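Here is a short report on how one protein chain packs. Keep the sequence and the 3D view at hand while reading.

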Amino acid sequence: MTEADKPVMLELEHVFLNYHSGKASFDHGVHHVLDDVSLKLYEGETLGIIGRNGVGKTTMLRLMVGIIAPTSGSVWQRPGKTSSLLTIGLGFRPDLSGRDNAVLAAMLQGSTRKQAQSFLEAIKEFAELGDSFEEPVKTYSSGMRARLGFTTALLTHVDILLIDEVLSVGDAQFKAKAQQAMKERISGDQTVVFVSHSEGQVKALCDRAIWIESGRIRSEGDTGGVLQQYRAFSSGGKVSPGGNDTRRGERALTDRRLDKLQKKFDLDDAQVTQMKKIRDEGGSREETLGVLDDAQKQQLQEARQRRKARRNRMKNQRKDFVA
């Protein structure tokens, strides 16, 4: 199965989330946290979500993992698949030791007690806590708590990994270590939703991106294009109503994606180098893929057609399942 044929792992359809508030600034006392949000997450991809504080990014992750339910709309996860929210300090109790909190946090993220206990020495070593691992968490500095939380969450093994702002933990040395570990974790077939304020991290790690503003998706598609629009908005610019022009479900041409294309379509090194240059200079997806020869373009078109046919079959299967 090619990457273009990967199935949908998780889908939000017309999701609304509201709650009542006494603040007059809200719509008749109703705060619209998410407003008609629809998206699909495909197997093996890393989907980035970016936006300002308070626009609904973390709320969206909590909906995806089932911590909260939408006011209306649906959240669908492929049957038989598991998901987990990787966030700092999940389940921490200040009166318990780092060791006991690591077990508790791992179990809250889906591990059995036996699995959680098998991770303990690796957690202690990676988090660089030493003897403090046996001391109550209330004695920890904020950096120590962050290292323990990140390391415990990193070791959870699930089909869909939802990551909420965890690569900003600890000092500069640990941040570099954490980012490298996360890159290794999300490479290959791991399916990931990655929330971050860091444009650099989103660009480096994500195949596609979504920009959310005021509870709505403002742009979705190629990571570079979405980040460019978000940057323009943040600096006072305007965003075109149509948003990013990447086709729905297409992957950004990250280095990892180009490496896979090179192997699949037998591209030579010169082609890949030229494609990266066009991409890095802001060229569109079609301009970047224009480097392919006619035979390679035909192969790519056939892959797109197979993807479309597979999605239609899956859509029909889902209708039959619901019926």
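## Overall make-up

Among contacts in the protein chain between residues at least 6 apart in sequence, 66% join residues at least 24 apart. Contact means heavy atoms within 4.5 Å. The chain has 12 helices and nine strands. Helices (H or I, at least four residues) and strands (E, at least two) are DSSP runs, numbered from the N terminus. Of the 323 residues, 46% count as buried. Buried means under 20% relative accessible area, exposed over 50%, and partly exposed in between (1.4 Å probe, protein chains only).

This is a predicted model, in which local features need pLDDT of at least 70, side-chain atom pairs count only at pLDDT 80 or more, and totals for chains, interfaces and linings use all residues. Residues are numbered from 1 along each chain as its sequence is written, and side-chain values use heavy atoms, with hydrogens and water left out.

Helix 5 spans residues 142-154, 13 residues in total. From first C-alpha to last it reaches 18 Å, close to the 18 Å expected at 1.5 Å a residue. That expected span is 1.5 Å times one less than the number of residues.

Helix 5 is mostly covered, with 10 of its 13 residues buried. Among them are M144, F150 and the run T151, T152, A153 and L154. The cover includes strand 5 (83-86), helix 2 (98-108), helix 4 (120-127) and helix 6 (172-186).

## Helix 5 against its neighbours

The axes of helix 4 and helix 5 come within 9 Å and cross at roughly 140°. Axes are lines fitted to C-alpha atoms, for helices over the stretch in contact, and angles run from 0 to 180 degrees between N-to-C directions. Helix 4 and helix 5 are therefore oblique to each other. Angles under 35 degrees count as roughly parallel, over 145 as roughly antiparallel, 65 to 115 as roughly perpendicular and the rest as oblique. On the helix 4 side, A122, I123, F126 and A127 take part; they meet R147, L148, F150, T151, T152 and L154 of helix 5. By class, this contact of helix 4 with helix 5 has seven nonpolar, two polar and one charged residues. Ala, Val, Leu, Ile, Met, Phe, Trp, Tyr, Cys and Pro count as nonpolar, Asp, Glu, Lys and Arg as charged, and the others, Gly among them, as polar.

Helix 5 and helix 6 have axes that come within 11 Å and cross at roughly 10°. That makes helix 5 roughly parallel to helix 6. Helix 5 supplies R147, F150, T151, A153 and L154; helix 6 supplies F174, A178, A181, M182 and R185. The contact of helix 5 with helix 6 has seven nonpolar, one polar and two charged residues.

## Helix 4 against helix 6

Helix 4 and helix 6 also pack, at about 135° with axes 11 Å apart. That makes helix 4 oblique to helix 6. E125, F126 and A127 of helix 4 meet F174, K177 and A181 of helix 6. The residues divide into four nonpolar, no polar and two charged.

In helix 2, the buried residues are G98, N101, A102, V103, A105 and A106. Their cover includes helix 3 (113-118), helix 4 and helix 5. Just after helix 2, G110 takes a positive phi of about 115°.

K57 lies in helix 1 (residues 57-65). Is K57 buried or exposed? At 6% relative accessibility, K57 counts as buried. Leaving out residues up to four places away in sequence, K57 touches I49, I50, G51, R52, V195, H197 and I212.
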